[in-house]
Amino acid sequence: MNAIEAHNLTYRFPKGDPVLNQIDLRVPTGSIYGFLGPNGAGKTTTLRLLLGLLRKQQGEIRVFDQSFSSRTRISLLHRIGSLIEMPSVYSHLSATDNLRIWQKVYQCPEKRVGEVLELVGLAGTGAKKAGKFSLGMKQRLGIAAALLHTPDLLVLDEPTNGLDPSGIIEIRELLKKLNRESGITILISSHLLAEIEKLVTDIGIINKGNMLFEGPLNELKLRRQQAASVAFETSDNQRALNLIREAHPESRVVSDKLLLPALPREAVAAINRKLVEDGIDVFGITTPESDLETIFMHLTK
Amino acid sequence: MNIPFLNTFRSEWLKKKGTAAAWLVVIGGFFIPFIILIGRVYYFDSLAARHTDPNAWVAVFTTCWKQMAILLLPFGVILATSLITQLEFRNNTWKQTHTAPQRLTHLFFAKLLVILIMLLQFFALFNLGVYLVVALPSLAFPSIPYPDAPFPFAMVMKWNATLFLASLPIVALQYLISLQVRNFLVPLGVGIGLFIASLVGMSWQYSYTIPYIYCSGRFLLAEKLAGTVDLNLWAAGYFALFTVAGYVLYIAKKEKG
């Protein structure tokens, strides 16, 4: 069963190209779903549509197997905690008063305010106004607000923005714990693959409003292995290609490099030896990072 | 007690804690009475006679209300309504407010109710201030008697009700604009513009159609229009019109954060 299902979601701002182009999204219940894409890919627009902050133009959204509509909005929002883009914080109020605002709406016990402040490490902020918080502290307060009513689904848009490395690790561990111990489904967006892959079980990749990949993280890792390569920089790439083509038919010359699919290091050494023995100088052997960009390129081929 | 509108109202009420608008209510409420008090104490020699005058209360209330209604009340309402409503834009909190499980209708009217209650608070503090203009000198100086004249309770209540009603079109239009426009200067600019228009247009034949004129009009127009135009009715009509328009525009807004 899926906590969120979006089908054929299309959105365009007035006088603009579509920001989202018929995307499908399925967030399995109990998963940590990483929603990955570069800035401007359409992540925030998708999340805003899922939460009803933007009026749906085309497509269907189902949350907990119910269509998200004005009729079901209130009951569904009771089960969702969210943090969209920059944290929403009343700068003239303390962290406690900020949370009391939402406690009154959610009607959760008052003691939850102290509990979630403790959970995100803001219990000691006392009467300090939230406007005087660092960006990281505001982000923590935003996460505390999202967790206040112990939701079944957390929707977090780039929640680690502004956090220092130890803060990022803390939040990551907190989200894992919430998912593991309370079974909360988490939809988290990011533009950093390295950050996401340490946390998520499932992943969706979006670029320029199009969904490029959706599935378990393991499947993406397999694709990344397929996308990995070894690059040789030689004095004569064309002759080098002719020499190894028979043994490695997928090899090709790209720009000024000879590219081969990822190989065991012994095989790389053997190729190097062969090229040198045939009088071709090898200036460098590199394994280009299979970063987000590479994967995008691979996925869009 | 879990009544959804009440929950939303409590949440909205908490948001105004410590804001500039909340301070404006307190400072604005006591400002005119404080100035008048200083003036009366400055002319101390005539104070005892003023307190024994049969119209002691009426005179001080008339002076204070006139100063307040012509200038400070409209301006204060413009500023306070815009400040309170713009809290969400300023703090980037519309998205959190709109993803909390509360009805948009409740939100709209809870925010409006917060502003109206703050306006009532302002009126209460102002009346207390005017009372103190008379009571404090009598307490502080044995030579100044407490007025024998009965406190004109009915008159004070009537003025409060009339001027509260006169403020409502300003509240509703400022609220409408502040809900729609992110830039704080827009509602402020429109408000001040309409307020100045109401002062400039006071002598115009149809000045009673200017929605921001009813506070000052209570003192500058009422006699001229007596028996022909009901300013209360016009104020109530504008309030209803702007509130309905504000509600429709708010509900129909495509982007909610």
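**Reading charges, cores and an interface**

Tutor: Start where the chains meet: a salt bridge joins the side chains of A:Arg48 and B:Glu255, at 3.1 Å from N to O. The term means a side-chain nitrogen of Lys or Arg within 4 Å of a carboxyl oxygen of Asp or Glu. This is a predicted model, where local features need pLDDT of at least 70 and side-chain atom pairs pLDDT 80 or more, while totals for chains, interfaces and linings use all residues. Residues are numbered from 1 along each chain as written, chains are lettered from A and ligands numbered from 1 in written order, and side-chain values use heavy atoms, without hydrogens or water.

Student: How many salt bridges lie between chain A and chain B?

Tutor: Two. Polar contacts come next: N or O atoms paired within 3.5 Å; within protein, one must be able to donate a hydrogen and the other to accept it, and residues adjacent in sequence count only if both atoms are side-chain atoms. Across this interface, 20 residue pairs qualify, both residues at pLDDT 80 or more. On the side of chain A that touches chain B, helix 2 (73-77) and helix 3 (95-106) of chain A are the elements that give two or more residues. Helix 3 gives the most, with seven residues. Helices (H or I, at least four residues) and strands (E, at least two) are DSSP runs, numbered from the N terminus.

Student: What area do chain A and chain B bury between them?

Tutor: Buried area is the accessible area (1.4 Å probe) that two parts lose on being put together, summed over both. Here that is about 2,900 Å², 55% of it on carbon and sulfur atoms. In chain A, the residues that lose the most area to chain B are A:Leu53, A:Arg55 and A:Tyr90, together 20% of what that side buries. Contact means heavy atoms within 4.5 Å. By that rule, chain A contributes 29 residues and chain B 32 residues.

Student: Within chain B, which residue forms a salt bridge with B:Glu12?

Tutor: Side chains of opposite charge can pair when their charged atoms come close. B:Lys15 is the partner of B:Glu12, with the closest N and O atoms 2.8 Å apart. Both sit in helix 1 (residues 4-15) of chain B, three residues apart, about one turn of the helix.

Student: Why does B:Glu12 count as buried?

Tutor: Buried means under 20% relative accessible area, exposed over 50%, partly exposed in between (1.4 Å probe, protein chains only). B:Glu12 counts as buried because its relative accessibility is 4%. B:Lys15 is buried too, at 1%. Another pair is B:Lys111 and B:Glu88, with closest N and O atoms 2.6 Å apart. Shared partners join B:Glu12, B:Lys15, B:Glu88 and B:Lys111 into one salt-bridge network.

Student: How many residues does the largest nonpolar core have?

Tutor: In soluble globular proteins, nonpolar side chains tend to be buried together. A nonpolar core is a set of buried Ala, Val, Leu, Ile, Met, Phe, Trp, Tyr and Cys residues joined through side-chain atoms within 4.5 Å. The largest has 69 residues, and B:Leu73 and B:Phe123 have the most contacts inside it. Helix 7 of chain B supplies the largest share, 16 residues. Beyond four places in sequence, B:Leu73 touches residues including B:Phe122, B:Phe123 and B:Leu163. A separate core of 50 residues includes A:Trp102 and A:Phe133.

Student: In what sense do strand 9 and strand 10 of chain A pair?

Tutor: Strands pair if DSSP finds at least two bridges between them. Strand 9 (residues 202-207) and strand 10 (residues 210-216) of chain A pair in the antiparallel sense over six bridges. A:Ile206 has A:Met211 of strand 10 as its bridge partner. Two residues lie between the strands of this hairpin, where A:Lys208 takes a positive phi near 50°.
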